[in-house]
Structures are given as structure tokens and as C-alpha cells.
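Subject: Structure handover

Hello,

Here is the structure I promised to pass on. Please have it open while you read; my notes follow below.

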Amino acid sequence: MKILGIESSCDETAAAVVENGRKILSNSVYTQISRHRPFGGVVPEIASRCHTEVISQIVRDALDQAGVSLSDISAVAVTAAPGLIGSLLVGVNFAKGLCLASGIPLVAVHHTRGHIAANYLSNPSLEPPFLCLVVSGGHTDLIAVEDYTVLRPLGATRDDAAGETFDKTARAMGLPYPGGVALDRIAEEGNPDSFSFPKPSVENAPLDFSFSGLKTAVINQIHHFEQLGTEIPVADISASLRRSVVEDLIAHISLAAEETGYKKIAIAGGVSANALLRRELPAFCEKNGFAFFMPELSLCGDNGAMIAAQGFFEFSAGNISDMRLNASPSADLEKPF
């Protein structure tokens with residue numbers, strides 16, 4: 001069964017064809033980084049305009065690369081939530097038009113479910129149940145994946161996401177956009193013991209995350225050097241911040257694994273590409289007897305393949321949408337549509 005996946009929730013326009021939820025036949029991505037770099041972050045209006053300009057060609061590229069036509073496609077899966085509403089609307093409306101014209105079934109996919117499904121593409125042996133940490137610029141969530149379409153949130157960020165913390169502190173230090181990537185790279189050159197930043201916690205909610213205090217502490221440290229007129233030790237601050245975040249993420253995973261009894265742990269989302277996290281979490285899992293799974297680097301960011309993969313499982317479960325489907329900036333992970 002071949003699924004065409006369409007993703008446009010933020011600043012990547014992506015489409016892919018995936019077979020049986022596991023095998024990538026094509027994966028076409030157009031990134032808008034150069035369009036947003038002058039502003040230091042994603043500008044929603046520019047993002048939605050860019051999606052409109054390229055989505056037709058990206059979908060055509062995905063079909064051509066896979067060597068298939070629309071008649072070979074069993075369903076069209078599209079990210080319908082969460083994300084930037086203008087960007088989401090471009091993908092949703094394009095998918096609806098494609099399905100209306102061709103008679104192909106339409107499948108709505110929750111963006112976070114899509115990120116988790118990236119693991120099925122990189123790890124064909126992975127099957128639920130397992131524990132997944134979804135960590136990106138907009139999300140830091142601990143999720144019990146009980147089945148392919150049955151997901152139970154265990155903990156979430158109360159304020160800033162981990163990726164947002166990296167991005168904002170990187171910008172404060174003058175690192176280029178995208179900040180989280182630049183911070184991760186320069187942190188490799190720094191001393192993680194240079195600074196002792198606070199360890200965030202949420203009272204009476206041990207599986208929830210809170211990074212706003214950590215972000216504020218780091219930015220205050222940056223301002224301290226600016227006020228002294230001394231050079232900011234960018235690499236050392238980056239390394240110390242990165243270690244604080246990764247240690248907090250692993251501590252939460254450890255607690256969630258203890259509470260759920262799950263023996264399989266996965267990560268997903270843009271920050272799952274973080275070099276320290278990709279070193280430390282597998283080591284933690286090996287030491288404690290957990291099986292560990294992560295997507296390959298090309299599948300950590302937003303892409304159409306992850307949407308097509310989850311779309312396969314949604315379609316197989318009978319979760320089919322009609323032409324009343326609308327995009328939404330937020331959605332319930334357990335019953336998104």
C-alpha cells in the first residue's frame with residue numbers, strides 16, 4: 001500500500017511516498033531557511049506564501065521520484081495540526097483538492113504522531129508499545145505509544161520547549177539561524193562544566209517539563225558578560241546549556257520508563273538530531289537494559305515521509321477524513337480529529 005504524505009506545518013514544504021508505513025520510495029523537501037534567516041526566525045506570512053509557491057512541484061517531485069502516479073496511491077495523508085495555521089492551510093487545502101479531483105481517500109495526521117512514525121522508517125523492527133520523547137522547537141513531550149494510533153501523553157512542557165530554549169539563547173549570543181543547529185555545533189568545542197545552570201522542575205508534575213527558567217538564567221549570564229564589556233564564551237555557554245537540557249530530558253525518560261515499565265525507548269523531533277542527546281541517551285539505555293530507537297538524521301526534522309508513514313497506520317485503522325477537514329494550530333494527541 002502506497003501513501004502520499006504532505007507536510008507544511010512550519011517552514012518546510014515536503015511530500016513523500018511511503019510503502020506499507022515502513023519503506024520510503026521518495027522524500028522531497030523544500031526548506032525555507034534562506035527566506036527566514038534575515039529575520040532570525042520563522043515569519044508566518046512568508047512561510048505560508050512559500051508553501052503556496054512550491055507545494056505543487058514538491059508533490060510532483062515526490063511522485064516522480066517514487067516512479068508512481070496518483071492511480072498507484074491508496075491515500076493522501078496530510079499534516080492537519082498542530083502548527084502555523086497559514087502554513088497548515090496550504091497543505092490541507094492542496095491535499096483536499098487532490099483527493100476531491102482523484103477520488104483518493106484523505107487522511108489527517110497529527111504532526112507529533114508523524115514525528116514518532118519517523119522511527120518506523122529508520123527502525124523497521126520497532127513495534128508498539130514503547131516510550132517516545134518528542135523534542136523539537138515547539139514540543140517537548142513524553143508519550144506512551146500503546147499502539148500505532150493509540151498514544152497517551154505522559155508529560156509535556158509547561159512553557160518553552162527544549163528546542164525553543166536552544167534557539168532563543170543562540171540568538172542572544174549572535175549565532176546564525178537556525179540557532180539550535182548552530183548552538184549544537186559550537187557546543188562540541190566548549191566545556192560543559194564551565195557554568196552551572198538551574199535544573200528545571202514542575203512541582204507535583206514530575207513528568208512535565210519547564211525550560212523558561214533555564215533559558216532566562218542563560219540569557220542573564222549572556223547579559224552579564226555584555227554589561228562587563230567582555231567577550232561572551234559562546235562555546236562554553238552552549239556546552240553547559242546543552243548538557244543541562246540533555247540531562248533533564250534523560251532524567252524524565254528514566255522516570256517515565258520506571259513508571260510505565262516500558263523496555264523500549266525512542267526519540268523523535270528536530271532536537272533528536274542533537275549530537276549530545278544522540279550520544280548520551282543510547283548509552284543510558286544500554287546501561288539500564290532498554291532497547292533504544294532513533295530516526296536517522298534526515299528524518300528528524302519535518303518531512304513528508306513521516307506523515308506518510310503515520311498516514312498508513314491511520315488509514316489502516318479506518319481514520320479517514322472528508323472534505324470538512326480543516327487545519328488547526330493545536331489538537332489533542334489522543335483524538336486529534
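Does asparagine 204 count as buried or exposed? At 74% relative accessibility, asparagine 204 counts as exposed; the cut-offs are under 20% relative accessible area for buried, over 50% for exposed and partly exposed in between, with a 1.4 Å probe and protein chains only. Asparagine 204 sits in the loop between H6 and H7. Its phi is near 65°, a positive value in a residue other than glycine.

Some ground rules. This is a predicted model, where local features need pLDDT of at least 70 and side-chain atom pairs count only at pLDDT 80 or more, while totals for chains, interfaces and linings use all residues. Residues are numbered from 1 along each chain as its sequence is written, and side-chain values use heavy atoms, with hydrogens and water left out.

**Overall**

The protein chain has 10 helices and 10 strands. These are DSSP runs numbered from the N terminus: helices are H or I with at least four residues, strands are E with at least two. The C-alpha trace spans about 65 × 45 × 35 Å along its principal axes. Buried residues make up 54% of the 337 residues.

**The open sheet**

Five strands form an open sheet in the order E3-E2-E1-E4-E5, with mixed pairing. Two strands pair if DSSP finds at least two bridges between them. Strand E3 (23-31) and strand E5 (106-110) stand at the edges with a single partner strand each, so one side of each has no neighbour in the sheet. Neighbouring strands are turned by 20° against each other on average, direction ignored. Axes are lines fitted to C-alpha atoms, for helices over the stretch in contact, and angles run from 0 to 180 degrees between N-to-C directions.

Strand E4 (residues 75-81) and E5 run parallel, joined by five bridges. Alanine 81 stands opposite histidine 110 in E5. The peptide bond from alanine 81 to proline 82 is cis, with omega near -15°. Proline 82 is in the loop between E4 and helix H3 (85-102).

**Helices on the sheet**

Helix H2 (residues 44-66) lies across strand E1 (2-7), strand E2 (12-19) and E3, at about 20° to E2. Contact here means heavy atoms within 4.5 Å. H4 lies across E1, E2, E3, E4 and E5, at about 95° to E5. H4 is mostly covered, with 11 of its 12 residues buried. Among them are Arg113, His115 and Asn119.

**The cores**

A nonpolar core is a set of buried Ala, Val, Leu, Ile, Met, Phe, Trp, Tyr and Cys residues joined through side-chain atoms within 4.5 Å. The largest has 44 residues; Leu131, Leu142, Ile237, Ile265 and Leu281 touch the most other members. H8 gives the most to this core, with 10 residues. Leucine 281 touches Ile250, Ile253, Ile267 and Phe292, not counting residues up to four places away in sequence. A second, separate core of 33 residues includes Ile116, Leu299, Ala305 and Ile307.

**Other spots to look at**

Threonine 165 lies in helix H5. Threonine 165 is buried, with a relative accessible area of 0%. A cis peptide bond joins proline 128 and proline 129, with omega about 5°. Proline 129 is in the loop between H4 and E6. Asparagine 20, in the loop between E2 and E3, has a positive phi near 55°. Asparagine 20 is partly exposed, at 38% relative accessible area.

Best wishes
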